[in-house]
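Work through the exercises below with the sequence and the model open beside you, and try each task before reading its solution.

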Amino acid sequence: MKTSWKNSSSSSSSSSESDEPSVSPGKAAALNSAVKKLPNYVPAYPGAKTTAASLNSFGGISLGNYEFFSSDKPDTILDFYEKKLTAQNFTIAAKNSDANDFGPTGTLVANRADPSGTCAITAESQKSGTKVSVTFSNK
């Protein structure tokens, strides 16, 4: 039973993990516009393919996300954002490494008191690169 659970889990994991995502030209233009509005501590990652980006404001608080796909390793990406965040007076609350079936994974969580803000980044190895999700909020 345990073996069949592993097989079923790994086959569903493999089928949900795909090669680099494709983005239509229209969606790419909209994403590019959204990325330009992200806060300066969440710049577009060099050479990455943006797959999602949004910025919303509620009662003076901005919330957003930025997702992309890169050929760089998770540690390289997290180091890039750690430098950007600390340059903007964020404190690193946690930085962790792990692994999945495709290779290394990592997370980075940072916050700052004035002006208040939080940022969480997850980078996961995929079949043909690294999938990254950045969520943030600020006042």
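**Exercise 1.** In which strand is the place of Ala93, and is Ala93 buried or exposed?

Solution. The model is a predicted one, in which local features need pLDDT of at least 70 and side-chain atom pairs count only at pLDDT 80 or more, while totals for chains, interfaces and linings use all residues. Residues are numbered from 1 along each chain as its sequence is written, and side-chain values use heavy atoms, with hydrogens and water left out. Ala93 lies in strand β3, residues 91-100, where strands are DSSP runs of E with at least two residues and helices are runs of H or I with at least four, numbered from the N terminus. Its relative accessibility is 53%, so Ala93 counts as exposed (buried means under 20% relative accessible area, exposed over 50%, partly exposed in between, with a 1.4 Å probe and protein chains only).

**Exercise 2.** Find which residues Ala93 contacts beyond its neighbours within four places in sequence.

Solution. Contact means heavy atoms within 4.5 Å, and on that basis Ala93 is in contact with Val109, Ala110 and Asn111. For Val109, the C-alpha atoms of the pair are 5.5 Å apart, although 16 residues separate them in sequence.

**Exercise 3.** Decide whether Ser62 is buried or exposed, and list what Ser62 touches.

Solution. Ser62, found in strand β2, has a relative accessible area of 18% and is therefore buried. Leaving out residues up to four places away in sequence, Ser62 touches Leu55, Asn56, Ser57, Phe136, Ser137 and Asn138.
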